[in-house]
Amino acid sequence: MNRMCFSLLLGGFLCAGVPAGAQEHIAREYVKGQGIEVDDLWGVVADHPEYYAGGDGTHPVDAGFDALARQVAKVVGAALEGLE
């Protein structure tokens with residue numbers, strides 16, 4: 001299995017007129033086909049308005065950055081353990 005990891009944090013953003021949900025599906029299917037593990041960062045913060053300044057869903061506060069960092073560390077740590 002490819003040891004690369006793709007962190008996915010699309011949320012409600014739009015790119016080239018493609019709805020965010022479709023973007024996520026396209027990205028997941030592409031990296032899955034490449035054998036790359038997906039680290040779904042959006043799933044970590046999506047239902048936590050307390051992770052954002054004023055609950056805006058865009059500008060993380062310290063708690064939001066901490067949650068994201070813990071998730072990345074968990075996934076990267078697991079990948080590194082698999083290399084031993």
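A salt bridge here is a side-chain nitrogen of Lys or Arg within 4 Å of a carboxyl oxygen of Asp or Glu. By that rule, a search of the whole structure finds one. The tour reaches this salt bridge at a later stop. The model is predicted, and the confidence values are part of what to look at.

**Whole chain**

Start with a cartoon view of the entire protein. There are three helices and two strands, and along the sequence they follow the pattern β-α-β-α-α. The protein has 84 residues, of which 21% count as buried. Of the contacts with a separation of 6 or more, 49% are made by residues 24 or more positions apart.

**Colour by pLDDT**

The mean pLDDT of the protein is 76, and 74% of the residues reach 70 or more. Which elements have the lowest and the highest mean pLDDT? Strand β1, residues 5-8, has the lowest at 50, while α3 has the highest at 90. Now select residues 1-5: the pLDDT is below 50 over this stretch, which has twelve contacts in the model beyond near neighbours in sequence. Residues 9-14 also have pLDDT below 50, with 16 contacts counted in that way. Where pLDDT is low, the predicted coordinates should not be read in detail.

**The core**

Select L41, V45, Y51, Y52, A67 and L68 and show their side chains. These six residues make up the largest nonpolar core. Helices α2 (41-45) and α3 (62-81) each supply at least two of the core residues. In soluble globular proteins, nonpolar side chains tend to be buried together.

Stay on Y52 and display what surrounds this residue. Setting aside residues up to four places away in sequence, Y52 touches W42, V45, G57, T58, H59, P60 and V61. One of these, V45, is also a member of the core.

**The loop between α2 and α3**

Move to A53, which is found in the loop between α2 and α3. To see how the chain comes back, draw a C-alpha to C-alpha distance from A53 to G64: the two are eleven residues apart in sequence and 9.3 Å apart in space.

**The salt bridge**

Next select D66 and R70. These two form a salt bridge, with the closest N and O atoms 2.8 Å apart. Side chains of opposite charge can pair when their charged atoms come close. Both D66 and R70 lie in helix α3, four residues apart, which is about one turn of the helix. D66 counts as partly exposed at 40% relative accessibility, and R70 is also partly exposed, at 48%.

**The surface patch**

Finish with V72, V76, L80 and L83, shown as surface. Together they form a nonpolar patch with about 330 Å² of accessible area. Where does L83 lie relative to α3? L83 lies in the segment after α3. Because the relative accessible area of L83 is 55%, over the 50% cut-off, L83 counts as exposed.

Notes. Residues are numbered from 1 along each chain as its sequence is written. This is a predicted model: local features need pLDDT of at least 70, side-chain atom pairs count only at pLDDT 80 or more; totals for chains, interfaces and linings use all residues. Side-chain values use heavy atoms; hydrogens and water are left out. A nonpolar core is a set of buried Ala, Val, Leu, Ile, Met, Phe, Trp, Tyr and Cys residues joined through side-chain atoms within 4.5 Å. Buried means under 20% relative accessible area, exposed over 50%, partly exposed in between (1.4 Å probe, protein chains only). Contact means heavy atoms within 4.5 Å. Patches are made of residues with over 30% relative accessible area and no salt bridge: like charges are joined within 9 Å, nonpolar side chains (Val, Leu, Ile, Met, Phe, Trp, Tyr) within 5 Å. Accessible areas come from the Shrake-Rupley method with a 1.4 Å probe; for residues, only the protein chains shown count as cover. pLDDT is the predictor's confidence in each residue, from 0 to 100.
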